[in-house]
Every structure is written in C-alpha cells, then in structure tokens.
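Hi,

Here is the structure I said I would pass on. Have a look at it, and then read on for what turned up.

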Amino acid sequence: MSPIKFLTRTRNGRSLDWTDWMSYAYLTVGLFLMFGPVLWLVASSFKTEAALTEFPPSLLPYGQKAVAVPGEEKPKPVYRVKLPDGTTKELPEVRRIGLVATHVDPAKPEEFIRVNVNDREPVREFRLATENYTDLAGKLKFGTYLWNSVFITVVATLLTLLFNSMAAFALSKYKFAGRKGVFLLILSTLMVPPAIVLVPNFLVISELGLLNSLWGVIWPAVATPTGVFLLRQYMLTIPDELLEAARMDHASEWKIYWRIVLPLAAPALAVLAIFSVMWRWNDFLWPLIVLSKNEHFTLQLALNAFQGDLVTQWNYLLAMTVITLLPVTIVFAFLQKYITQGIASAGVK
C-alpha cells in the first residue's frame, strides 16, 4: 500500500466519517506537539543573533538586509527610509546617535541623509545564517568535543552489547544453582536511583586513576540491568535443541554464543543499541562529575560551558544543539524497525 493511499484511508472506504475527522484532528495536534518544538529549534539555528531577539518572533529565519558600503569594513543594515519629499527609499545606515540615524546612498556615498528613527523601518529578507555552523570550529574545540562524544558512545555501546549479551546468555541457556537469585538481584538494581551510586562510582574511578579520562565515563555504564533483562527474555525464545545440535558438532561454548546466539538475537541487540546510544550520547551528570579538563569535554558539557554568566551567543548554542540531536536521530531512523520486533519477542516468555 502506498503512503498516500494509507494516509487517506477512511472508515467506510468512501466518504469521510466523523470518526475519520476526529482521528485526523487528533493526529494533527499530536504531530504539531511532537515536532513543532524540533522544527522551531532547527529554524532558529539558522537565524542571526539579531533575528533571535526580535519580537514578535518568526518561525522562518528572516533577518535584516545588509549591503556593503564603500569605506566601511562590515555590511550595514538596510532600512526603508521616508524622505522629506514623501518618497521612500531603501538606504543603509552608517551610524546612529540617539534618535537620529545617518544613512547613505551606495550610488552617492558622499551624500549623507539624516532621518529620525521613527521615519524608517528595517528591510527584512529570508536568509539562512549558515555561519552559525561553519564558525563553530573557530569559536570552540568543536572537533575535539565531537570526537569525545563519539568515542564514548561507540565504545560504551559495544561493551554494553558484549557484557550484557554474555550475562543474558548464561542466565537463559545455562542451568546452575542460584540462577534465579542472580537474575532477581540484577533486576533489583533497577529500584536503586542512579544518584545514590554516584559517590561510590566516583570513589572507585578515583582509586583506579580514571578521573579526567574518557574511560572513566565508559566503564561504570557498560553493565545495565535493562539490557540483561531484555536480552535474556529474547534468548529464552531460541530453541535449546539448536544449541545441543551445535555441541554435538563439537562447537565450543564461545562459538555457540558468537556464531549462533548473537545473530539470532540481532533484533534485541538493535533495541539495546538504540537505548545505549541515547543513554551515552545524552549523558550529562556523570561526565560532568568525572571530567573537569576542557579537552575531555563531551558535546553536552560543551553546551553547558558555552553559556556565559552575562552573555550567551544563542545562535551558536542552537546550532550546537541541532548537531547533538543528529546522531541519535540517525541511529533511531535506521534501527527503529527493530524496536517493536525486539520488545515484542522479548516478552514472549
């Protein structure tokens, strides 16, 4: 079924029923509430610093028009000026003192026109302030922050998948005394608020000499009870006969785990990978505690440090925020089809 045909379906297959109108109204409101703030964020990231302070605000990145004036270093803002003869003309402003602004005609730069600021209005035009993104490298160590975030996210996700899948494999396919107790102990840690273990984790990381190290951010987060539970429930659906057949063919336990169990648990691993990427990429509190040197900051810490006490350049801050959202969005877009499949399969047994 094509997307257009799917979206234009009706209850009776012909005309729109009142339930169809209610459904489309509900979905429209939900779509606006979910994606409206994101759309506003992206549009605002392309606005100039002056456009962000305008009131009333506009959704599209409109800014004041500026032109080059001979003898001036920077482009000057353009205003629609009402001349003494009653006509209006678009002229750039070269200076302003109080309520009197001095304008100049680029065709006649030697002639100055002084008008009251109440007799003019700014000329606006659609303009994408792409310099908000291109100037980030010069404003701060953006490449360093990006690499730190990518390194922590990728390595922590891989280690999380490895350790959690091995624990889930042992709890689902091996029978040993205390198996249920160990599983309940792991699940019980879900009831412990993360803030309670911040101090013990910090003391351990400090004793290991991992303060101000990216590994100090990675190691405390590689084992998650949520991941163990999700993978264990999914691996219970894998037939034990398949593993017994592999053992009869003299396959080692590691080979069974690596070549049979992991490929079959790919949907659940994809779900855990999405969760892990979101957790690690958006993590702020733990990196803030462990990392104090600027060269080790992640993007989340850089966003916090970029806000000054007196002056905050919101145009650059919004651009950085959009960039920090992109990796999670891309990962979710590619792996979201596994979420329903993995969670539904994990709850079968």
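Predicted model: local features only at pLDDT ≥ 70, side-chain atom pairs only at ≥ 80, totals over all residues.

Which element gives the most to the lining of the largest cavity? That would be H6, with three residues. Before the rest, two notes on the ground rules. Residues are numbered from 1 along each chain as its sequence is written, and side-chain values use heavy atoms, with hydrogens and water left out.

Cavities and pockets come from a 1 Å grid over the protein atoms alone: a cavity is a set of points where a 1.4 Å probe fits but cannot get out, a pocket is an open set with protein on both sides within 12 Å along at least five of seven lines, and lining residues have an atom within 4 Å of a point. Grid points are joined across faces, edges and corners, and a volume is the space filled by probe spheres set on the points.

There is one cavity of 30 Å³ or more, and the largest cavity holds about 60 Å³ of space. Ser149, Ile152, Thr153, Arg280 and Trp281 are among the residues that line it. H6 and H13 are the elements that give two or more residues to that lining. Helices here are DSSP runs (H or I, at least four residues), as are strands (E, at least two), numbered from the N terminus.

The largest pocket has about 850 Å³ of space. It is lined by 25 residues, and Pro194, Val197, Pro220, Ala221 and Ala223 are the closest to its centre. H6, H8, H10 (225-235), H13 (266-282) and H14 each supply at least two residues of the pocket lining.

**Cores**

A nonpolar core is a set of buried Ala, Val, Leu, Ile, Met, Phe, Trp, Tyr and Cys residues joined through side-chain atoms within 4.5 Å. Buried means under 20% relative accessible area, exposed over 50%, and partly exposed in between (1.4 Å probe, protein chains only).

The largest nonpolar core has 31 residues, of which Leu136, Leu140, Phe142, Ile218 and Met320 touch the most other members. At least two residues of this core come from each of H6, H8 (198-207), H9, H14 (285-290), H15 (299-305) and H16 (314-335). Leaving out residues up to four places away in sequence, Ile218 touches Phe151, Ile152, Val155, Ala156 and Leu159, where contact means heavy atoms within 4.5 Å. Another core, of 20 residues, lies apart from the largest one and includes Ala168, Leu230, Leu262 and Leu269.

**Rings**

Rings of Phe, Tyr and Trp (its six-membered ring) pair if their centres lie within 6.5 Å; planes under 30 degrees apart count as stacked, over 60 as edge-to-face and the rest as tilted. That rule gives 12 aromatic pairs. Phe151 and Trp215 are edge-to-face, because their ring centres are 5.7 Å apart and their planes are at 90°. Phe151 is in H6 (residues 142-173) and Trp215 in H9 (residues 214-218), so this pair ties together parts 64 residues apart in sequence. Trp215 is partly exposed, at 34% relative accessible area.

Trp254 and Trp258, on the other hand, are stacked, at 5.6 Å centre to centre with 15° between the planes. Both sit in H12 (residues 253-264), four residues apart, about one turn of the helix. Trp254 is partly exposed at 48% relative accessibility, and Trp258 is partly exposed at 45%. Together with Phe169, Tyr174 and Tyr257, they form one aromatic cluster.

Two charges sit over rings (NZ of Lys or CZ of Arg within 6 Å of the ring centre and within 35 degrees of the ring normal). Lys47 lies over the face of Trp40, 5.3 Å from the ring centre, and the charged end of Arg120 sits over Tyr79, 3.7 Å from the centre of its ring.

Pro92 is in strand S4 (residues 88-97) and is buried, at 1% relative accessible area. Its C-alpha is 6.0 Å from that of Val104, 12 residues away in sequence.

His250 has phi near 65°, a positive value in a residue other than glycine. It is in the loop between H11 (240-248) and H12, and is exposed at 75% relative accessible area.

Cheers
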